Amino acid sequence: MALLDIQGLKTHFKTDDGWLHAVDGVDIAIEKGETVCVVGESGCGKSVTAKTVMKLIDMPPGKIVAGRVLWKGRDLVPLGPEEMQKIRAKEIAIVFQEPMTSLNPVFTVGDQISESVRLHEGLSKKAALERAIEMLKLVNIPTPDKRVNDYPHQFSGGMRQRVMIAIALACSPQLLIADEPTTALDVTIQAQILELMQDLKDRLGMAVMLITHAMGVVAEVAQRVVVMYAGQVVEEAPVEALFARPRHPYTQGLIRSIPRIDTAATAAGHRQRLEAIPGTVPKLVAPKAGCRFAARCRFVQPSCTTADPPLREIAPGHKVACFLAESTS
């Protein structure tokens, strides 16, 4: 049994134009100790999927229309706020994209780390503060016994993200959901945060669901990759198989857009331009029948615009939602 098993999840939002199908039939399973990367363009449903798992979407306007979110076999969808509160941070933790808006500016970082520990583990104020110091040390913040009394504005962007990770891991969760945790950071700090997360995952034995749009990050940290487009999963595979032979045209486009040193210039010194995927993501209000990538696909056939391609397994562990998967690679 998978640690987290998302089955047929549909999360829609009511808008002035109608119901927006932000997540529309998503299946994702994560095993204990596994790192699964969920990738795709902005607006493809990655973050909404994560927030639905944590029951953090506003309802209304959001609504879980269908599907199940099985956590160790227990469906989280019907649970109320009090029951979810016992699971958040204690069993499943989340790190958001922008630490400055996630941290409360009027409380010290020690208070913010201690809060979840006192809530879930019933520690005294003194014991919780000692745990906060331990967590700051764990995420490699210098002089943690002093910095525990500092406020978020006294930390750099990278250090604030480390604080967010410390808060998330304070109760030793079994699953960490990291929603684009390095997007707002410079390249050097990005590498440090990813290395830190990988090290903590190995030391603590937790599973990680990493949401990102950077395919280079995926190659470094993932065991398995889930590619989302327009609210649906279009490809899923072990990381080596995905990069060696991507089957969905959208995945191929994402990989071709990665800058590569070995092909940056030809022998004559001419630079090669990065390929861009033409067109834009379709509107998800009352989406039309057919493959949602059809309008941007160079392999499109008439059948692609009339029926929805099912997500099917074409090789062990490799699933693709494309009628032409065998002929596009």
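**View 1. Lining of the largest pocket, by residue class.** The lining of the largest pocket divides into 12 nonpolar, 6 polar and 3 charged residues; Ala, Val, Leu, Ile, Met, Phe, Trp, Tyr, Cys and Pro count as nonpolar, Asp, Glu, Lys and Arg as charged, and the others, Gly among them, as polar. The model is predicted: local features need pLDDT of at least 70 and side-chain atom pairs count only at pLDDT 80 or more, while totals for chains, interfaces and linings use all residues. Residues are numbered from 1 along each chain as its sequence is written, and side-chain values use heavy atoms, with hydrogens and water left out.

**View 2. Volume and centre of the largest pocket.** The largest pocket holds about 630 Å³ of space. Among its 21 lining residues, Ala-89, Gln-112, Glu-115, Ser-116 and Ile-167 are the closest to its centre. On a 1 Å grid over the protein atoms alone, a pocket is an open set of points where a 1.4 Å probe fits, with protein on both sides within 12 Å along at least five of seven lines; lining residues have an atom within 4 Å of a point. Grid points are joined across faces, edges and corners, and the volume is the space filled by probe spheres set on them.

**View 3. Elements lining the largest pocket.** Strand 6 (92-95), helix 4 (109-121) and helix 7 (157-169) each supply at least two lining residues. Helix 4 gives the largest share, 6 residues. Helices (H or I, at least four residues) and strands (E, at least two) are DSSP runs, numbered from the N terminus.

**View 4. Contact of helix 7 with helix 8.** In helix 7, Gly-158, Gln-161, Arg-162, Ile-165 and Leu-169 meet Ile-189, Gln-192, Ile-193, Leu-196, Met-197, Leu-200 and Leu-204 of helix 8, contact meaning heavy atoms within 4.5 Å. The residues of this contact comprise 8 nonpolar, 3 polar and 1 charged.
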